[in-house]
Amino acid sequence: MANMDISLKEMMAVDGAVGAAVVDYGSGMALGTLGGSKDLDLQVAAAANTEVVKAKLRAMDALQLQDTIEDILITLGGQYHIIRPLAGRGGKGLFLYLALDRSRANLAMARHQLRTIEDKLEV
């Protein structure tokens with residue numbers, strides 16, 4: 001099992017990573033962050049993406065979908081943003097957030113690596 005700091009470092013080791021966070025979507029607060037830049041404020045991204053997760057959960061409830069979110073992908077012109085709600089024990093109410101430089105990232109590999117990081121994370 002990996003702790004949060006190790007998981008954030010592993011997230012930043014993904015090709016093209018520019019920022020990573022573990023976020024509590026109940027409060028919108030980032031519990032841990034690594035990376036970011038003047039153009040990517042991870043605290044603001046954590047709060048804003050909390051609303052994305054909550055909106056998707058409400059939509060699933062309204063549609064009566066009996067399923068879970070594996071991940072949410074936001075594709076921008078120059079970046080990919082991956083939101084991955086934690087499914088394991090102790091992770092309920094949290095999500096991993098990874099921002100990638102689209103020109104340097106392999107989206108399929110990033111999603112695979114994020115799934116592996118989630119499996120090892122001990123919160």
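I started with helix H1, residues 4-12. Helices here are DSSP runs of H or I with at least four residues, strands are runs of E with at least two, and both are numbered from the N terminus. Met-4, Ser-7, Leu-8 and Met-11 are buried in H1; buried means under 20% relative accessible area, exposed over 50%, partly exposed in between (1.4 Å probe, protein chains only). They lie on the same side of H1, because their arc around the axis is only 100 degrees. I took that arc from the directions of the C-beta atoms as seen from the helix axis.

This is a predicted model: local features need pLDDT of at least 70, side-chain atom pairs pLDDT 80 or more, while totals for chains, interfaces and linings use all residues. Residues are numbered from 1 along each chain as its sequence is written, and side-chain values use heavy atoms, without hydrogens and water.

I turned to the other face of H1. Asp-5 and Lys-9 are exposed there, away from the buried side. The cover over the buried residues includes strands S1 (17-24), S2 (29-35) and S5 (94-101), and helix H3 (107-120).

Next I checked Met-11. Beyond four places in sequence, Met-11 is in contact (heavy atoms within 4.5 Å) with residues including Ala-17, Leu-96, Leu-98 and Leu-114.

Then I looked up Arg-84, in strand S4 (residues 79-85). Arg-84 is buried, with a relative accessible area of 6%. Leaving aside neighbours within four places in sequence, Arg-84 has contacts that include Glu-70, Asp-71, Arg-115 and Glu-118.
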